[in-house]
Amino acid sequence: MGDQPTAPDLGQALPGTGEIMASVGRCFGEAWHAAQAGNFDLAAYFVRRTRSLLRKLLVVRPKYTEQVTEFDRDHMEAVYQALMARDISAFSAAYDRAVDRANFYHVDTGHPYIVWRTPDEPPDRGLDLG
């Protein structure tokens, strides 16, 4: 049994911002497609998953706390509440606002070359969204 890992060792083992955000994009894209297919429960699952991933981002990049907190409160909550109400119009509007705000944050944090858009096809083509 060797030495116990140090905090820096554990930090190096955590996924980086890019890996977390790639997962965020997949989950948020799945939420869109599930909602459009009328599967509000699955869409809500993917929104909860997106929110959880964003909270994990704060472990590896606490400098984004203000932006992630504001995004969750002002945008992700509206997306989630629209799903809970099974209101596709409200969901679509809140989702679009969230995408716009996410892209604002990319510019604001010095990453203007990252522009996210809703994927034309579900990220996991093998998942039954209906």
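A: This is a predicted model. Its largest pocket holds about 520 Å³ of space. The elements that each give two or more residues to the lining are α2, α3 (40-60), α4 (65-84) and α5 (88-108). In total, 22 residues line the pocket. M21, L54, A102, Y105 and H106 lie nearest its centre. By type, the lining of the largest pocket divides into 14 nonpolar residues, eight polar and no charged.

Start with α2. This helix spans residues 17-36. The largest share of the pocket lining, six residues, comes from α2. H33 also lies in α2. H33 counts as buried because its relative accessibility is 12%, and the cut-off is under 20%. The H33 side chain reaches the backbone oxygen of P119 at 2.6 Å. Leaving aside residues up to four places away in sequence, H33 touches P119, D120, E121, P122, P123 and L129.

Now α4, which also contributes to the lining. α4 bends by about 40 degrees at D72. Its buried residues are Q67, V68, E70, F71, H75, M76, V79, Y80, A82 and L83. The cover over these buried residues includes α2, α3 and α5. After α4 comes R86, with a positive phi near 55 degrees.

Notes:
Residues are numbered from 1 along each chain as its sequence is written. This is a predicted model: local features need pLDDT of at least 70, side-chain atom pairs count only at pLDDT 80 or more; totals for chains, interfaces and linings use all residues. Side-chain values use heavy atoms; hydrogens and water are left out. Helices (H or I, at least four residues) and strands (E, at least two) are DSSP runs, numbered from the N terminus. Buried means under 20% relative accessible area, exposed over 50%, partly exposed in between (1.4 Å probe, protein chains only). A polar contact is a pair of N or O atoms within 3.5 Å; within protein, one must be able to donate a hydrogen and the other to accept it, and residues adjacent in sequence count only if both atoms are side-chain atoms. Contact means heavy atoms within 4.5 Å. On a 1 Å grid over the protein atoms alone, a cavity is a set of points where a 1.4 Å probe fits but cannot get out, and a pocket is an open set with protein on both sides within 12 Å along at least five of seven lines; lining residues have an atom within 4 Å of a point. Grid points are joined across faces, edges and corners, and a volume is the space filled by probe spheres set on the points. Ala, Val, Leu, Ile, Met, Phe, Trp, Tyr, Cys and Pro count as nonpolar, Asp, Glu, Lys and Arg as charged, and the others, Gly among them, as polar. The bend at a residue is the angle between axes fitted to the seven residues ending there and the seven starting there.
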